[in-house]
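Here's a quick briefing to read alongside the model. Have the sequence and the 3D view open as you go.

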Amino acid sequence: MSEERATRVFVVKPYAVVEVKGRELGTKHRDLLIALFRLRARRFEIVGSDGRAAGAVYRTETTWREVLRACHLSAHVNNLLVALRTCEELRETTMRVFTGSYDAYEAAMKLGRLPAAGWSDGIIGSIEWDGPSLDSPVRVAYGEWVRKAFETKHLVSLNADIYFRLKTDFARAWWPYIDSQPGHEWVGLETLAELVGRDYRNEESKQRARFREDVAKAFEDMVRAGGLASWELEVLGNGRKKTYRARYRHALPKQGQIDLLTPLTNGETSPPQDRKTAAH
C-alpha cells in the first residue's frame, strides 16, 4: 500500500464506519496514541466570533522520555528525532467517521453522496517541545471530536495497563474493542478480521486456518496479561455454514462495578479520568 494518502475503511458494527486517510500506521503509532490518551489532558474551550462556545481542544502534557517509552525506543537523545517523526506521521493522518451501517455508507459512496452525519479531523494536532533533553516538556494537542470518537465508538480501552502487557500485535489490535464492551461475552472471527483490515470469509482455507491460530495466540496473550479470565473458540454449524467465534470471560470488574468501587472525593461526580485510557 502506498504511504501517500492511502485510504482504509474500518467497520465498527453497528455503530460507525471509519475512514483513515494518510500513511499506513503501525504498532509504534498505535502505542504512542494510546500513551497520549492515557495521560491526563487539559481542555481548552474555543470561542467563536459571536462569543459562544465553538468546541474544545485537548492538550496532553508529557516529556520526551514518556514519548520514547510509548514508542518502545530506548531513553536516549539520539531517538528524539525518531519519536518526533512518529508524532508527525500521526498528525498527517486524518479520520472521517460516519454514523450508521456500512451498507448505507457503501450505497451513498457509489452515488457520490455524503453517507451520513459524522466528522473529519486529524488524529492529533500541534506538537510543541521545550528542548532536546529527555525530560523536556512536550505538548500534543488533539480535537474534542477525536477524543469523543475514541470514547464512544468502541475505539477506547478502559485499561491501558493491560494493553501494554500484551506481546502480540493482534492482541493489541483487538484488546481496545473487547475491553470497551465489558457486557459482551463473545466476538465472531469475521469481526476480528474486519478490525485488522481482513475479509475472513473470502480468504483461502489455509489463510483462515492460520488466522484462527493467530486468534488463539492473541486471546491467550490477553489471559496472560490479566485482561481475560478464560476464553475458548466455539464452532457453530457445519460444512460451508460453519462459523467460529471467540467466547471469553472478563477478568476485570465491569464499568458499573468500577464506579461503585471508586471513592469520590472533592465533589467529583465520576471516577478519576485516568481510568479511560487507550485507543485502537
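Is Arg172 buried or exposed? Arg172 counts as buried, because its relative accessibility is 6% and the cut-off for buried is under 20%. Keep in mind that this is a predicted model.

**Arg172 and its surroundings**
- Arg172 sits in helix α7, which covers residues 169-179.
- Setting aside neighbours within four places in sequence, Arg172 is in contact with Arg30, Asp31, His72, Tyr163, Phe164 and Leu166.

**Helices α1 and α3**
- Helix α1 (residues 27-38) and helix α3 (residues 80-91) have axes that come within 10 Å and cross at roughly 85 degrees.
- On the α1 side, the contact is made by Lys28, His29, Leu32 and Leu33, while α3 brings in Thr86, Cys87, Glu89 and Leu90.
- Sorted by class, the contact of α1 with α3 has 4 nonpolar, 2 polar and 2 charged residues.

**Cys87, a closer look**
- Cys87 belongs to helix α3, and with 1% relative accessibility it counts as buried.
- Leaving out residues up to four places away in sequence, Cys87 touches Leu32, Val67, Ile124 and Ile127.
- Take Leu32 from that list: Cys87 and Leu32 are 55 residues apart along the chain, yet their C-alpha atoms are separated by 7.9 Å.

**The sheet of 3 strands**
- Here we have an open sheet of 3 strands, ordered β10-β12-β11, and the pairing is antiparallel.
- Strands β11 and β12 (residues 243-250) run antiparallel and are joined by 8 bridges.
- For a spot to look at, find Trp231, whose bridge partner in β12 is Tyr248.

**Helix α9 on the sheet**
- Helix α9 (residues 205-224) packs on this sheet and touches β10, β11 and β12.
- The direction of α9 makes about 160 degrees with that of β11.

Note on methods
Residues are numbered from 1 along each chain as its sequence is written. This is a predicted model: local features need pLDDT of at least 70, side-chain atom pairs count only at pLDDT 80 or more; totals for chains, interfaces and linings use all residues. Side-chain values use heavy atoms; hydrogens and water are left out. Axes are lines fitted to C-alpha atoms, for helices over the stretch in contact, and angles run from 0 to 180 degrees between N-to-C directions. Helices (H or I, at least four residues) and strands (E, at least two) are DSSP runs, numbered from the N terminus. Contact means heavy atoms within 4.5 Å. Ala, Val, Leu, Ile, Met, Phe, Trp, Tyr, Cys and Pro count as nonpolar, Asp, Glu, Lys and Arg as charged, and the others, Gly among them, as polar. Buried means under 20% relative accessible area, exposed over 50%, partly exposed in between (1.4 Å probe, protein chains only). Two strands pair if DSSP finds at least two bridges between them.
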